Amino acid sequence: MNGALILAEGGCKTAGGEETESFIPLIHIAGQTVIERQIQILKRAGVERIAVAARPEYRVLERDLEHLAVSFCFTEKDLTVQGRKRLADCGQMVLVPGDLPFFQPSTVKALLEADGAVRVPVWQGRRGGLTAVRAAAANGEPAATAGTDMPVLQEPPAERLVAVKDPGIVLRLRERADIEKLEAYARQQKDGRELDFQVKVMLRKQEDFFGPGIADFLMRIQETGSMQAACQEMHMSYSKGWKLVKRMEEEMGFSFLIRRNGGKGGGFSTLTAEGEAFVRRYYAFAKEVKQMAENFFEQYYADFL
């Protein structure tokens with residue numbers, strides 16, 4: 001059995017080297033958080049078990065990633081040592097730094113299939129951020145090594161360098177300026193595909209009544225506290241917004257919105273607990289469907305990509 005350990009840590013820095021409040025694993029790149037992308041890449045590579053190691057103050061990861069079937073280790077101690085205990089029954093594992101969003105599934109597969117106790121990918125002579133280790137090499141306690149991406153074992157075995165065709169292994173997200181570069185890389189990767197596909201997930205009974213546009217509309221209401229503001233952002237009339245909400249409530253048999261008109265504190269609109277849970281479940285379901293579709297797309301059309 002193989003596994004992967006994602007070391008979810010680090011705040012994005014400014015160009016001057018100052019730490020910001022932006023937690024790197026939760027930064028959105030090309031419409032997806034860094035850590036969600038990492039997990040999906042690992043799953044596409046066939047990794048059987050994935051663990052996320054983070055500091056206790058980032059337990060928000062557990063909520064945001066609950067639909068992705070990964071385990072968590074929250075600790076103040078060494079993330080690598082504590083996190084790998086979650087993967088104790090894995091014969092080998094891939095260690096993934098939290099600031100590496102665009103490595104490819106083929107690179108993970110190459111590392112897992114290569115010989116050697118410790119394997120590091122190399123692209124055009126540059127070492128990548130990933131490291132694959134076999135269980136015997138992962139059992140030693142790491143030495144304190146400041147300034148490195150991964151702790152080094154007290155008596156590290158010889159590394160094997162694995163050449164890959166994957167520039168993503170050297171693209172790190174450490175500064176705010178890196179976000180624009182990574183967005184450009186994502187666009188380049190997508191534009192470079194000769195063939196692509198699109199999946200739109202709709203929920204229906206007799207007819208379609210819930211999809212990505214309506215989910216976005218409801219979350220805008222939740223964020224703004226105003227259905228009128230959400231309608232303006234979506235460029236729809238207020239009456240159409242109400243028709244959408246009423247139809248959803250009729251189809252599902254429960255209220256999606258809590259609404260209060262005017263008064264001393266002013267009016268507001270917000271999602272009910274059932275409504276918010278329904279929307280979040282839709283997003284999680286849609287992500288899984290799209291990921292499965294991506295896997296099948298690559299399986300059936302790999303020779304066109």
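**Helices and cores in a predicted chain**

Tyr185 lies in helix α6, which spans residues 176-191; helices (H or I, at least four residues) and strands (E, at least two) are DSSP runs, numbered from the N terminus. This is a predicted model, in which local features need pLDDT of at least 70 and side-chain atom pairs count only at pLDDT 80 or more, while totals for chains, interfaces and linings use all residues. Residues are numbered from 1 along each chain as its sequence is written, and side-chain values use heavy atoms, with hydrogens and water left out.

Is Tyr185 buried or exposed? Its relative accessibility is 8%, so Tyr185 counts as buried. Buried means under 20% relative accessible area, exposed means over 50%, and partly exposed is in between (1.4 Å probe, protein chains only). Leaving aside neighbours within four places in sequence, Tyr185 is in contact with Phe102, Gln104, Asp166, Pro167, Gly168 and Leu171, where contact means heavy atoms within 4.5 Å. Phe102 is 83 residues from Tyr185 in sequence, but the two are 8.7 Å apart in space, C-alpha to C-alpha.

Consider next the chain as a whole. The protein chain has 10 helices and 18 strands. Of its 305 residues, 42% are buried. Among contacts between residues at least 6 apart in sequence, 61% join residues at least 24 apart. The chain exposes about 16700 Å², and carbon and sulfur atoms supply 49% of that area; accessible areas come from the Shrake-Rupley method with a 1.4 Å probe, and for residues only the protein chains shown count as cover.

In soluble globular proteins, nonpolar side chains tend to be buried together. A nonpolar core is a set of buried Ala, Val, Leu, Ile, Met, Phe, Trp, Tyr and Cys residues joined through side-chain atoms within 4.5 Å. The largest nonpolar core here has 34 residues, of which Leu42, Leu61 and Phe103 touch the most other members. At least two residues of this core come from each of β1 (2-7), α1 (34-44), β6 (49-54), β7 (71-74), β8 (92-97) and α4 (105-113). Helix α1 gives the most to this core, with 4 residues. Not counting residues up to four places away in sequence, Leu61 touches Ala8, Phe23, Leu26, Ile35, Val52, Ala54 and Phe72. Another core, of 23 residues, lies apart from it, and Phe210, Ile221, Met248 and Leu271 are among its members.

How many of the residues of α1 are buried? The count is 9 of 11, and the helix is mostly covered. Val34, Ile35, Glu36, Arg37, Gln38, Ile39, Gln40, Ile41 and Leu42 are the buried residues. After α1 comes Gly46, whose phi is positive, near 90°.

Helix α9 (residues 238-252) packs against helix α8 (residues 227-234) at an angle of about 105°, with the axes 9 Å apart. Axes are lines fitted to C-alpha atoms, for helices over the stretch in contact, and angles run from 0 to 180 degrees between N-to-C directions. Therefore α8 and α9 are roughly perpendicular to each other; angles of 65 to 115 degrees count as roughly perpendicular, under 35 as roughly parallel, over 145 as roughly antiparallel and the rest as oblique. Met227, Gln228 and Cys231 of α8 make the contact with Tyr238, Gly241, Trp242 and Val245 of α9.

Helix α7 (residues 212-224) also meets α9: their axes come within 11 Å and cross at roughly 105°. This pair is therefore roughly perpendicular too. Here Ile214, Phe217 and Leu218 in α7 meet Gly241, Leu244, Val245 and Met248 in α9.
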